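Visitor: I like to see a label set against its cut-off. Could you walk me through this one that way?
Guide: Gladly; here it is.

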Amino acid sequence: MLRYLHAVELPRLPRLRDGMFRDRAVQFRERLGWEVSVGADGFERDAYDAEDPLYVLWARPDGTHGGSMRFLPTTGITMVNDHFASLTDGARIESSSIWECTRFCLAPDAAAGVSAAMMLGAMEVGRHFGLSHLVGVFDARMVRIYRRLGWGPTILGTEGQGRDATSAGLWAIDARVRARLLVAAGVSDEVSRFWVSRSLGGACAMAA
């Protein structure tokens, strides 16, 4: 199931929380070779985890981590503005209707469909908070996932070639795309709405 939790709420689900930070270390440092900070506890965390971001997490039936993403409003500090301004020609992405999505992570043994569920979660974040777009920086390996799920970004800029390419993009919050993501994730409209309301409460700011 999808869980939507702010950082201050993560201690409620320590098994899910710890699995997320450990799987981030495996994915970003060990598998992708990124220069990220991993503590003695084996957790990959950075300064943005201290900003009380919203996390979308796929919790498996036993409560362990299957996948996760991190969201912050662009009206505060963000990776795209702090570290990747070259991808936007120096233009800052700052809007109350745009949030940044980072740290897309899948557990090493994630089941088929988890990537679609995570993208559905991103769409639901956009709908719940009345956003127009999400912004993020991604590498070439993600292009295949976006294409398969039918929710590709508008590219703001790219550096590098082929497998080494890094891009910044905007994803539009779109009800038609949401319908496709529900099918791809194998999740009903009612169940997805329940997951959002249970975690975040209230009705979404945008109609389906």
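Guide: Contact here means heavy atoms within 4.5 Å. Helices are DSSP runs of H or I with at least four residues, strands are runs of E with at least two, and both are numbered from the N terminus. This is a predicted model, where local features need pLDDT of at least 70, side-chain atom pairs count only at pLDDT 80 or more, and totals for chains, interfaces and linings use all residues. Residues are numbered from 1 along each chain as its sequence is written, and side-chain values use heavy atoms, with hydrogens and water left out.

Visitor: Which residues of α3 and α6 meet?
Guide: From α3 come L120, E124, R127 and H128, and they meet S192, R193, V196 and L200 of α6. The residues of this contact divide into three nonpolar, two polar and three charged. In that count, Ala, Val, Leu, Ile, Met, Phe, Trp, Tyr, Cys and Pro are nonpolar, Asp, Glu, Lys and Arg are charged, and the others, Gly among them, are polar.

Visitor: Why are α3 and α6 called oblique to each other?
Guide: Helix α3 (residues 114-128) and helix α6 (residues 189-200) pack at an angle of about 60°, with axes 11 Å apart. Under 35 degrees counts as roughly parallel, over 145 as roughly antiparallel, 65 to 115 as roughly perpendicular, and the rest as oblique. The pair α3 and α6 is therefore oblique.

Visitor: What makes C101 and C105 buried?
Guide: Buried means under 20% relative accessible area, exposed over 50%, and partly exposed in between (1.4 Å probe, protein chains only). C101 has 15%, so C101 is buried. C105 has 0%, so C105 counts as buried too.

Visitor: And why is D52 called partly exposed?
Guide: Its relative accessible area is 33%, so D52 is partly exposed. D52 sits in the loop between α1 (14-31) and β2 (54-59), and has a positive phi of about 50° although it is not a glycine.

Visitor: Is D89 buried or exposed, and why?
Guide: D89 has a relative accessible area of 76%, so D89 is exposed. The loop between α2 (79-83) and β4 (98-106) holds D89, whose phi is near 55°, a positive value in a residue other than glycine.

Definitions and conventions
Axes are lines fitted to C-alpha atoms, for helices over the stretch in contact, and angles run from 0 to 180 degrees between N-to-C directions.
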